[in-house]
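Here's a quick briefing to read alongside the structure. Take a look at it first, then work through the points below.

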Amino acid sequence: MLRATRAGVAWQAVGVMIAAYEIALRYAGEREQFGRPIAKFQLVQDLLVRMAGNVTASLGMCVRLAQLQDAGVYKDEHSALAKAYCTTRMREVVGWARELLAGNGIVLDYDIGRFVADAEALYSYEGTREINTLIVGRAITGHGAFV
């Protein structure tokens with residue numbers, strides 16, 4: 001059961017990342033500071049690029065997980081790795097989106113504050129990153145480190 005639900009959480013994390021990224025990108029194009037859109041500022045572009053990288057890597061991992069599921073060969077450690085990786089990247093993306101929107105990142109008008117709260121729930125359920133890491137670690141080393 002956890003194999004399937006962890007995969008679902010990984011996909012949910014990708015969805016939250018995509019939404020946060022799209023909102024931040026749109027905001028950067030519309031919000032003006034010093035007479036120009038903030039999308040023209042180097043550090044804003046850096047945040048957007050980091051977000052895009054996390055979205056792309058996480059989406060690729062989830063697509064690969066789905067391929068393994070379709071082939072009937074995916075294992076607990078596959079979904080555990082995807083859940084741990086994608087939810088960690090999701091927390092980064094929503095944090096960067098909140099940073100990009102500054103004070104508007106915590107008001108309900110832009111949804112980023114809600115995504116930050118959602119990210120914490122997704123990060124925690126179906127096993128923490130640490131528990132999922134131990135599942136993957138056992139699979140790759142052959143040694144369980146559960147205490």
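How far apart are the mean positions of the positive and negative charges of the chain? They are 4 Å apart, counting 16 positive and 15 negative charges. Lys and Arg count as positive and Asp and Glu as negative, while His and the chain ends are not counted; each charge is placed at NZ of Lys, CZ of Arg, CG of Asp or CD of Glu.

Keep in mind that this is a predicted model, where local features need pLDDT of at least 70, side-chain atom pairs count only at pLDDT 80 or more, and totals for chains, interfaces and linings use all residues. Residues are numbered from 1 along each chain as its sequence is written, and side-chain values use heavy atoms, leaving out hydrogens and water.

**Overall build**
- You'll find 5 helices and 2 strands in the chain, in the order α-β-β-α-α-α-α from the N terminus; these are DSSP runs, with helices (H or I) of at least four residues and strands (E) of at least two.
- The C-alpha atoms fill a box of roughly 60 × 30 × 25 Å along the principal axes.

- Of the 147 residues, 34% count as buried, meaning under 20% relative accessible area with a 1.4 Å probe, protein chains only.

**Cysteines**
- The chain has 0 disulfides, a disulfide being a pair of cysteine sulfur atoms within 2.5 Å.
- Cysteine 62 is buried at 0% relative accessibility, and cysteine 86 is buried with a relative accessible area of 0%.

Technical notes. Buried means under 20% relative accessible area, exposed over 50%, partly exposed in between (1.4 Å probe, protein chains only).
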